[in-house]
Amino acid sequence: MSDCVRPLDPIDAEALAAGAEPPFAPDAAGHAAACAACGATVERAASLTRELEGLPPDGSPWPDLAPRVIRLREFSRRERRTYALWNAPVLLAGALGVGGFALVLAPSLSGSDQAGLGAALMVPTLAFFRAVTRFVPELLRVAPTGLAALSDAFRAERGLGLAALLLLLPAGAGLRRVLARERSRR
């Protein structure tokens with residue numbers, strides 16, 4: 001609790017501590033000089049500023065954090081195949097799968113509850129396979145119309161067409177690098 005009936009805004013206190021003009025209360029400097037509580041607030045802000053300015057510019061509280069976070073090279077083939085690297089994700093996925101099946105097969109559930117959970121498990125799976133089987137024919141059916149519409153749009157807006165062609169250059173260069181990298185790994 002402050003003993004002051006009109007405490008300074010913290011931004012005004014920081015401005016006074018830095019020697020700047022207070023943005024909210026133009027008479028803040030006179031008030032801080034007359035009021036002990038507000039004067040202490042300005043002094044605390046000034047001491048914090050001095051402490052922060054006294055810190056070394058390159059001093060990090062965790063000097064070994066960056067080497068632990070940044071990986072400078074890719075995983076080797078051996079590392080990618082090492083089970084120890086993928087231990088936690090594999091165990092988590094396995095635990096979730098076993099937990100799901102245990103829930104479905106739990107003896108505390110009645111037969112109708114188990115059937116309902118089984119159906120609830122099957123509906124998204126069947127919907128996914130149905131979507132996959134419909135995707136290719138739909139893509140083949142819609143592709144000519146979509147390409148014609150895209151061609152018309154590029155003809156109408158030549159700048160857009162030119163920009164799209166120019167954007168293919170970095171995409172092609174990136175694809176070329178990826179393919180070259182894959183060939184060098186083999």
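Helices (H or I, at least four residues) and strands (E, at least two) are DSSP runs, numbered from the N terminus. The model shown in these views is predicted: local features need pLDDT of at least 70, side-chain atom pairs count only at pLDDT 80 or more, and totals for chains, interfaces and linings use all residues. Residues are numbered from 1 along each chain as its sequence is written, and side-chain values use heavy atoms, with hydrogens and water left out.

**Figure 1. Overview of the protein chain.** The protein chain contains eight helices and zero strands. Its pattern along the sequence reads α-α-α-α-α-α-α-α. Of its 186 residues, 11% count as buried, where buried means under 20% relative accessible area, exposed over 50%, and partly exposed in between (1.4 Å probe, protein chains only). Among the contacts with a separation of 6 or more, 36% join residues 24 or more positions apart; contact means heavy atoms within 4.5 Å.

**Figure 2. The largest nonpolar core.** A nonpolar core is a set of buried Ala, Val, Leu, Ile, Met, Phe, Trp, Tyr and Cys residues joined through side-chain atoms within 4.5 Å. The largest one here has 10 residues, namely C4, L8, A13, L16, A25, A28, A32, C35, C38 and V42. Two or more of these residues come from each of α1, α2 (28-34) and α3 (36-54). In soluble globular proteins, nonpolar side chains tend to be buried together. Within this view, L8 is in contact with L16, A28, H31, A32, C38 and V42, leaving aside its neighbours within four places in sequence.

**Figure 3. Surroundings of D12.** D12 is placed in helix α1, which spans residues 10-18. Not counting residues up to four places away in sequence, D12 touches P22, P23, F24, A25 and A28. D12 is buried yet has no salt bridge; a salt bridge is a side-chain nitrogen of Lys or Arg within 4 Å of a carboxyl oxygen of Asp or Glu. The nearest side chain of opposite charge is R6, at 7.1 Å. For charge, Lys and Arg count as positive and Asp and Glu as negative, while His and the chain ends are not counted.

**Figure 4. The salt bridge between D27 and R6.** By the rule given above, the count of salt bridges comes to four. One of them joins D27 to R6, with the closest N and O atoms 3.3 Å apart. D27 lies in the loop between α1 and α2 and R6 in the segment before α1, so the pair ties together parts that are 21 residues apart in sequence. D27 is partly exposed, with a relative accessible area of 43%. R6 is also partly exposed, at 37%.

Figure 5. The side chains of E43 and R50 meet in a salt bridge with an N to O distance of 3.0 Å. E43 counts as partly exposed at 44% relative accessibility, and R50 counts as partly exposed at 49%. R44 lies in helix α3 and is exposed, its relative accessible area being 53%. The C-alpha atoms of R44 and E14 are separated by 9.0 Å, although the two residues are 30 residues apart along the chain.

**Figure 6. Packing of helices α6 and α7.** Helix α6 (residues 87-105) packs with helix α7 (residues 111-156) at an angle of about 145 degrees, and their axes are 8 Å apart. Axes are lines fitted to C-alpha atoms, for helices over the stretch in contact, and angles run from 0 to 180 degrees between N-to-C directions. In the contact, L103, V104 and L105 of α6 meet Q114, L117 and L121 of α7. By class, this contact has five nonpolar, one polar and no charged residues. Here Ala, Val, Leu, Ile, Met, Phe, Trp, Tyr, Cys and Pro count as nonpolar, Asp, Glu, Lys and Arg as charged, and the others, Gly among them, as polar.

Figure 7. F101 lies in helix α6 and is exposed, with a relative accessible area of 58%. L121 lies in helix α7 and is partly exposed, at 44%. F101 and G118 are 17 residues apart in sequence and 9.3 Å apart in space, C-alpha to C-alpha.

**Figure 8. The salt bridge between D152 and R155.** A salt bridge joins the side chains of D152 and R155 (3.1 Å, N to O). Both residues lie in helix α7, three residues apart, about one turn of the helix. D152 counts as partly exposed at 46% relative accessibility, whereas R155 is exposed at 53%.
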